[in-house]
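Dear colleague,

I am passing on the structure we spoke about, with the sequence beside it. Please have it open while you read the notes below.

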Amino acid sequence: RQKNEELKKSQEELARKQQMWLDARAEMDAMAASAYAMLQAMEKLGQAWTACIEAAEGFEYAMSAVEAVTDATDREMGQLSAVAKEVGASTIFTATQIADSMEYMGLAGWSAQEMIAGIPDVENLAAASGEDLSRVCDIVTDSMMALGYGTEDTEHFVDVLAQTARSANTNVTLMGDSLKYVASTAGALNYSVEDVATVLAALASSGIKGSMAGTALRNVLASIADPSAEASEALKRLGVSLTDSQGGIQSLDAMITSLRQGFLQLSEAEKVQYASSIAGKRGMSGMLALVNMSQEEYDKLAATIEDCTGAAEQMAATRLDNFHGSTVILASAFDALKTSIGEAFTPALQKITEDLTGLTNSANDFVKNNKSLV
C-alpha cells in the first residue's frame, strides 16, 4: 500500500511538472506570437514610411524639373506646388503626374500663372479621353501654339478636342498625331481649331486617322495655297481658290464645300485623277473621303463640334461617375497624403544623404591614394 501511495505521488508530481512545462511552452508561444506580430507591424510601418518618402521624392523631383524649364520665382514655385497637390488630391492623376504635365507647359513657354489657370482644363481632357496626362498636355500645348491660339483659349481648345473625340471614330492621341503634321500650315492660313477638327473628324469617319489624316490635309492645303501647274489647272476647272471674292483667305469649311461642289461634276475616274493632281498620291485618299461625304453629313458634324462648350469637363465627370472612378480618385488622394507625410522627412534625409556622399567620396580618395595598403 505504501508503494502504491509513493507511485501515486510520483505520478502526480510528474503530471504537475508536465503541466508546468505545457504552461511555460504556451507562454513562450504567446510571447513569440506577440513578438512576430510586433515585427510584422514594424515591417508594415517601415514599408508605409518608405512609400511616403518615395512619393515625396518623386513629387519633389518633378517640381524641380518644372523649375528648371521655367523662370518661376520661389513664390510662384510654391503656388505651382500647391496647385499640383490640390489637383492631384481631387482627380484621377497624382500630384507627380500633374507636375510632369506642368513641365510640358513650361517647355512650351507657359508662365506659372498660365500653368495654374490651364492645368485643370488639360486634366479634364485627359480624364475625359482616358489617356496619359503628359501626352495630352504635350498635344494641347504644341497644337495651340501651331494654330496660333493663346493660353487664354485653353478651355475652349480642349473642349473642341473632347467633342471631336466623342463625335467621330478617333481620340485625342490620334488627333495629336494629325495636328503634328497639319497644325502649322493651318495656323499660317488662320484656320480655326473647329474647322480643322471637323475635317479630321470627317477623315476619321472614313478610317483615315493620325499622321495619315494630318499628311492628307496638309497636302491639300499646301497644294491649294501654292499649286503646281497641274494642280492649278485642276483647281481652276473645279472653281476652287484659296481666296474669296474680296481677296481674303476663305475659311477651311468654305473651301472644302467648294471642292465638294466641284467634284460633283466629275465622273468617278475623273475624281481620282483630280484628287491625285491636287493632293498627290499621299493626300488623294483624304481628299476623296472629304468630297464623297455629303454636305448634310459634313454640316451636321461641324455643328456638333461647334457646340462644344463644357465638353471636356462633362465627359470627364461622366467617365468617372462609377465605382472604379471613385477608387482611382481615392488612390490619388492617398498618394497626396503620402506625399505630405514624406515631405516632413525629406529635408533631413537630403542632409544625411549629402553627408554620406561626402564620406563616400573621402573613402574613395583614401582608396585611390593607398592602393597598396588596401
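What follows covers the cavities, then the aromatic rings, and lastly one histidine.

This is a predicted model, in which local features need pLDDT of at least 70 and side-chain atom pairs count only at pLDDT 80 or more, while totals for chains, interfaces and linings use all residues. Residues are numbered from 1 along each chain as its sequence is written, and side-chain values use heavy atoms, with hydrogens and water left out.

The structure holds two cavities of 30 Å³ or more, a cavity being a set of points, on a 1 Å grid over the protein atoms alone, where a 1.4 Å probe fits but cannot get out. The elements that give two or more residues to the lining of the largest cavity are α7 (172-188), α8 (193-205) and α9 (210-225), and α8 gives the most, with three residues; helices here are DSSP runs of H or I with at least four residues, numbered from the N terminus. By class, this lining has six nonpolar, three polar and one charged residues, with Ala, Val, Leu, Ile, Met, Phe, Trp, Tyr, Cys and Pro counted as nonpolar, Asp, Glu, Lys and Arg as charged, and the others, Gly among them, as polar.

In the second largest cavity there is about 30 Å³ of space, and L161, M175, L179, V193, V196, A197 and L200 line it. Here α8 gives the most to the lining, with four residues, and the classes are seven nonpolar, no polar and no charged.

Turning to the rings, the structure holds one aromatic pair (ring centres of Phe, Tyr or Trp, the last by its six-membered ring, within 6.5 Å; planes under 30 degrees apart are stacked, over 60 edge-to-face and the rest tilted). Y149 and F157 form this pair edge-to-face, at 5.6 Å centre to centre and 65° between the planes. F157 counts as buried because its relative accessible area is 0% (buried is under 20%, exposed over 50% and partly exposed in between, with a 1.4 Å probe and protein chains only). Elsewhere, R260 lies over the face of Y298, 4.6 Å from the ring centre (the cut-offs are NZ of Lys or CZ of Arg within 6 Å of the centre and within 35 degrees of the ring normal).

Finally, H324 has its place in helix α15 (residues 323-343) and counts as exposed, because its relative accessibility is 57%.

With best wishes

Key: 1 Å grid on protein atoms, 1.4 Å probe; cavity = no way out; pocket = protein on both sides within 12 Å on 5 of 7 lines; lining within 4 Å. Points joined across faces, edges and corners; volume = space filled by probe spheres on them.
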